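Have a look at the structure first.

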Amino acid sequence: MAKPARRGAKIEDRVITLINENTGIGAKIVSYLKQLTGRDLTSCSAQKTGKSERKADIKVNCNNATLYISVKSYEPKADYNHVERGYVDDYRNKWNLPESVYKALKLFVGEVDEKGTPLPRLQFVDKAKEISSNVDLIINELNERARQGLIDENEKRELMKEVEKKGVTPGLIGKMRRLTFNQINHIDEQLVRDVLSFFKQNKKFVVKNILVGDLNEDCLFFLVVKIERNTCCYYIAGASRVIEIYSQGEVTISKEGSLLIGKVELQRKGGNRWTKERKWWDVAANQIQFKISPSEITRDFNTVMIDCEMCYEQE
């Protein structure tokens, strides 16, 4: 488990302990849940959520209600959380993506053939396996993409090192073939116009989907923990308001070539997992992921600042 994930798990455990102790900050959390729901909540107990409740971290069972809490933590110097990631093929089905938007997202993550034609994920993996032993073919493609200006010399060198160290994997081929939205715009302006149009028309739907998923937004609350100078401050807001916060703003292309959907950033997942036997078990580098700044919630005028405490031990 990566360090941010370990820290996040510790914070969730701390929140569960606070609620179950029902004193101090824990009692205040339950009190604000009463205010936000308008319900008389008693005998509340907290626990980790199950896999089917994936957009929440904590389930709070009370006398007459079950509520959910999504915990987001940040430090001012690292003000971001990754809230969702997945394969373009899955979003095509879930969001009914138009063909042009699907193609643009496939180019963005690099799940295409050498001519830029989108490939379904499993077909892309099979094609990668077919050419995995032909290192010269990959090196020739790297040189050609560098010649065309699709990757710079530093990127080419890094990918060459990765080929030598790890061999050829689907993740590496995706990183070699992927394009920023700025690069896609130079190749086909209409594709990028279609991307912007789709996400403008569906902005609130997309933001709600990645933040809330299938949960009832009236029963979901966001608890943000700001960590600064060994002090943890707790903020709480309802999911409906959080959706409004992150839906604010335009749909645009960032300077780096990612997609900004209101206050949510759509970017490419990093990494390229492999085993020592060079068997592929995850092609995370070919996924898209969505990132938010939790401080947006703490700065909103509707958000309640609960209290602060000295932080428990952080890694």
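Which cysteine does a disulfide join to cysteine 233? The partner is cysteine 308, with an S to S distance of 2.0 Å. Please keep in mind that this is a predicted model.

Cysteine 233 lies in strand 6 and cysteine 308 in strand 11, so this pair ties together parts that are 75 residues apart in sequence. At 13% relative accessibility cysteine 233 counts as buried, whereas cysteine 308, at 28%, counts as partly exposed.

A search of the whole structure finds three disulfides. Here they are together:

| Disulfide | S to S | About the S-S bond |
|---|---|---|
| cysteine 44 and cysteine 62 | 2.1 Å | 110 degrees, right-handed |
| cysteine 232 and cysteine 311 | 2.1 Å | 115 degrees, right-handed |
| cysteine 233 and cysteine 308 | 2.0 Å | about 105 degrees, right-handed |

Both cysteine 44 and cysteine 62 are buried, and so are both cysteine 232 and cysteine 311. With the bonded cysteines numbered in sequence order, the pairing reads 1-2, 3-6, 4-5. Cysteine 219 is in no disulfide, and the nearest cysteine sulfur, that of cysteine 62, is 11 Å away. Cysteine 219 is buried, with a relative accessible area of 15%.

Now for the helices. The axes of helix 5 (residues 121–131) and helix 8 (residues 170–177) come within 9 Å and cross at roughly 100 degrees; the two are therefore roughly perpendicular to each other. Helix 5 makes the contact with Phe124, Val125, Ala128 and Ile131, and helix 8 with Pro170, Ile173, Gly174 and Arg177. By class, this contact has six nonpolar, one polar and one charged residues.

Definitions and conventions
Residues numbered from 1 in each chain as written. Predicted model: local features only at pLDDT ≥ 70, side-chain atom pairs only at ≥ 80, totals over all residues. Heavy atoms only, no water. Axes fitted to C-alpha atoms, helices over the stretch in contact; angles between N-to-C directions. Helix = DSSP H or I, 4+ residues; strand = E, 2+ residues; numbered from the N terminus. Parallel < 35°, antiparallel > 145°, perpendicular 65-115°, else oblique. Contact = heavy atoms within 4.5 Å. Nonpolar A, V, L, I, M, F, W, Y, C, P; charged D, E, K, R; others polar. Disulfide = S-S within 2.5 Å. Buried < 20%, exposed > 50% of the residue type's maximum accessible area, 1.4 Å probe, protein only.
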